[in-house]
Amino acid sequence: MKRLVWSSLVLFVVAARPAAAQGWDTSGNGMLNGAYYFRQVMWLGGYNSDNDLHEAIAVYGSIVFDGDGTYTLTAKAADAAEKTVTSISGSGVYTITASGYGSLSTPLQFVNSQFKGDEIILLVSPSGVVTGSTTDNNSGYNDLFLAAPVPTSTPSWQGTFSVIGVSVPALTLDLLHTRAYSFTMTGASDTVTTTALTGALGFNATAMTQPAFSDVKYSVSDGAGAVTFGDELTTTNLDSKLMSGVKYFYFSPDGNFFFGGDAEDTDFIVGVRQASGASFTSRIPYYTGGFFQDVSQVSNCDCAWLNSTYGGFNVLTDATNPEVLVHQRDNVVGPPAGSFREDYTYSEQLTVSASNYNDYYSEYFPGPDGKFAIGFANLSAGFLGIEVLMEGPSYTSAPTSAPFIYPTGIVNAGSFVPFTAEFVPGEFISIFGDNLATTTATDPALPTGLGGVQVLVNRVPAAVGYVSPGQVNAVIPLGIDSRIASIQVVNSLGTSNTVSNFVGEIQPGIFNSATSAPAVFHRNNTIVSASNPAVVGEELAVYLTGLGTLDASGKAAHLTGISVDFSGVTGVIDSAGIEPGTPIAAGGGYRMYVTVPSGTRPGPTYLDIGGLSSYNGEAVICVTSCADSSLVSGVRSRRAKTTPSAARPRFPDSPRVVFPRRARNPVSAPQN
């Protein structure tokens, strides 16, 4: 195989996020304290006609957090392009909010200085397990990061686990040989036995199976384990085997989740213990991280795209009929048109089969008590990849009598998408917590103080429309000029904790999106419903928030960069701007007129809105006729995740600069 060089873009035209430490709440730094095992895998691809990866690196080993924002690392780095494994070490920084949302200076900086300055956006679960991705890096790579505290007792593989994995083997490093696979593994004594591996290979997601492994040896020491799945992959069996060789794994503290891969390659494998009646926990956010190859556009460009994500996954209803509301910060990399980043949000009705769940994108395997789950990308939708989900925190009361914002409790007031979605100028937000007000009051004039309550955004009073002890609705100032917003509530009981998030350009959220009656109206001011459906060619009034800044006349300043579609059929935006009666100086409520396009299929239809770096596919309306008044039937048909929702800045298609490498001494043993 030809030697692939590591390289970086000459220019990156999308403004990088600032370091999270700049204005970020640090009250959660103590959530990372002590010794952890970790694995980070990065793939740099999407830039030549052969669909080769330019580089692939796995970093794994030990990372020790001091509980106060600094870490030290002792690890190995497997470079698949150079076929070397080297020892690395160093120290870095991290910043974590009270919710567990934060950042970590990437361990890749100790492999090559070109990575210095990149930050993994982290989500730390109450279990101590960490997931994250460097979605906003400056070099155009995709990655996934997982870490878990070093177990205090010896973990065990006895029992049955659901296991999934994804890989671009170092033998080829081309996306034609990407593979994803799923199997069940049962351990007893010092051996494990698997079911046959099922998965897919390459651009066409060609279905593939591999015979089961029987009584293969495993070992566990120092809180980590190794399993020998037969001989290593070779060039002669690369197209007939999905996975083989020695794999090294790290465990969650409770032993119900593990992750790892090859010591000399850049695969990523995750597993979760099976349990009778395992299900998702409703009304508690899950933290997620994912790593995918999207081949849905192969017929258009003879190319594959790579996606890496982090975000939130909210289960809104009970486990027997679950509806989910999902946010993913998605880093999309692929030719020929360049790449983009996006806040991608959607709702979905899961289907349930035994203890597994399915949506349009993935099949999910929950573990005991729903604390962990893994998601295997849906091959029929054109995806090869894996996702990890871990239960987030639950808040029931304030720690003191002072106002308390739930650290995961600030969301878009229209869409209610998970808290990891960016804030934007003029966005109506709902703030949930305790002791937020001593009364209940509403004022559509949006004053900067209401009922004795002020909301501070970066210490500046914001417009407030509603206050109550458990919820306050406020508006992110239109003039915010920072890429980070830190929010507090102040009333006669004191000043609340601080909740921080990134600031973007638009974050569309149709009011009442999470219900069967989103705020979409006919021109006669009656709401669109199953008994009063929209029709093709009709102009509808959509009431929403999150369209960003306004011009002097109250029109949405980003209108040319916004698009709308009806279950994948592109619609027409006739106008968009401030909702009548809403102060132009405040923002908050917006109204958009859209026309239902020819070709829209009758029935429940997703009304999706996107633009710049955001896409929302949540609201379902009835077009022509609907048998189901709840509007939750399976109508998922949306644009591919590799298709940008509107004009946006991109990675430029430009020459690449080769960065010199330091000398390396190959080391083959894994770092525990």
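## Briefing on strands, pocket and core

Strand E36 (residues 484-491) and strand E38 run antiparallel and are joined by four bridges. This is a predicted model, in which local features need pLDDT of at least 70, side-chain atom pairs count only at pLDDT 80 or more, and totals for chains, interfaces and linings use all residues. Residues are numbered from 1 along each chain as its sequence is written, and side-chain values use heavy atoms, with hydrogens and water left out. Helices (H or I, at least four residues) and strands (E, at least two) are DSSP runs, numbered from the N terminus.

- Ile 484 has Phe 502 as its bridge partner in E38.
- Strand E38 covers residues 499-502, with Val 499 and Asn 501 pointing one way and Ser 500 and Phe 502 the other way.
- In a regular strand the side chains alternate between the two faces of the sheet.
- Val 499, Ser 500, Asn 501 and Phe 502 are all buried; buried means under 20% relative accessible area, exposed over 50%, and partly exposed in between (1.4 Å probe, protein chains only).

**A five-stranded sheet**

- An open sheet is formed by five strands in the order E29-E30-E35-E34-E31, with antiparallel pairing.
- Strands E29 (404-412) and E31 (441-442) stand at the edges with a single partner strand each, so one side of each has no neighbour in the sheet. Two strands pair if DSSP finds at least two bridges between them.
- Strands E34 (residues 464-467) and E35 (residues 471-475) run antiparallel and are joined by three bridges.
- Val 467 has Val 472 as its bridge partner in E35.

**Loops with positive phi**

- Most residues other than glycine have a negative phi.
- Asn 435, a residue other than glycine, has a positive phi near 60 degrees. Asn 435 lies in the loop between strand E30 (428-434) and E31 and is partly exposed, at 25% relative accessibility.
- Leu 446 is not a glycine either, yet its phi is positive, about 55 degrees. Leu 446 sits in the loop between E31 and strand E32 (454-457) and is buried, with a relative accessible area of 10%.

**The largest pocket**

- The largest pocket holds about 630 Å³ of space. On a 1 Å grid over the protein atoms alone, a pocket is an open set of points where a 1.4 Å probe fits, with protein on both sides within 12 Å along at least five of seven lines; lining residues have an atom within 4 Å of a point. The volume is the space filled by probe spheres set on the points.
- Its lining has 24 residues, and Arg 283, Pro 285, Asn 314, Thr 408 and Phe 432 lie nearest the centre.
- Strand E21 (305-315) and E29 each supply at least two lining residues, and the largest share, four residues, comes from E29.

- The largest nonpolar core has 55 residues, of which Trp 43, Phe 257, Phe 268 and Val 270 touch the most other members. The largest share of this core, four residues, comes from strand E28 (residues 383-391).
- A nonpolar core is a set of buried Ala, Val, Leu, Ile, Met, Phe, Trp, Tyr and Cys residues joined through side-chain atoms within 4.5 Å.
- Beyond its neighbours within four places in sequence, Trp 43 has contacts that include Leu 53, Tyr 141, Val 166 and Phe 291; contact means heavy atoms within 4.5 Å.
- Gly 199 is in strand E13 (residues 197-201) and counts as buried at 7% relative accessibility.
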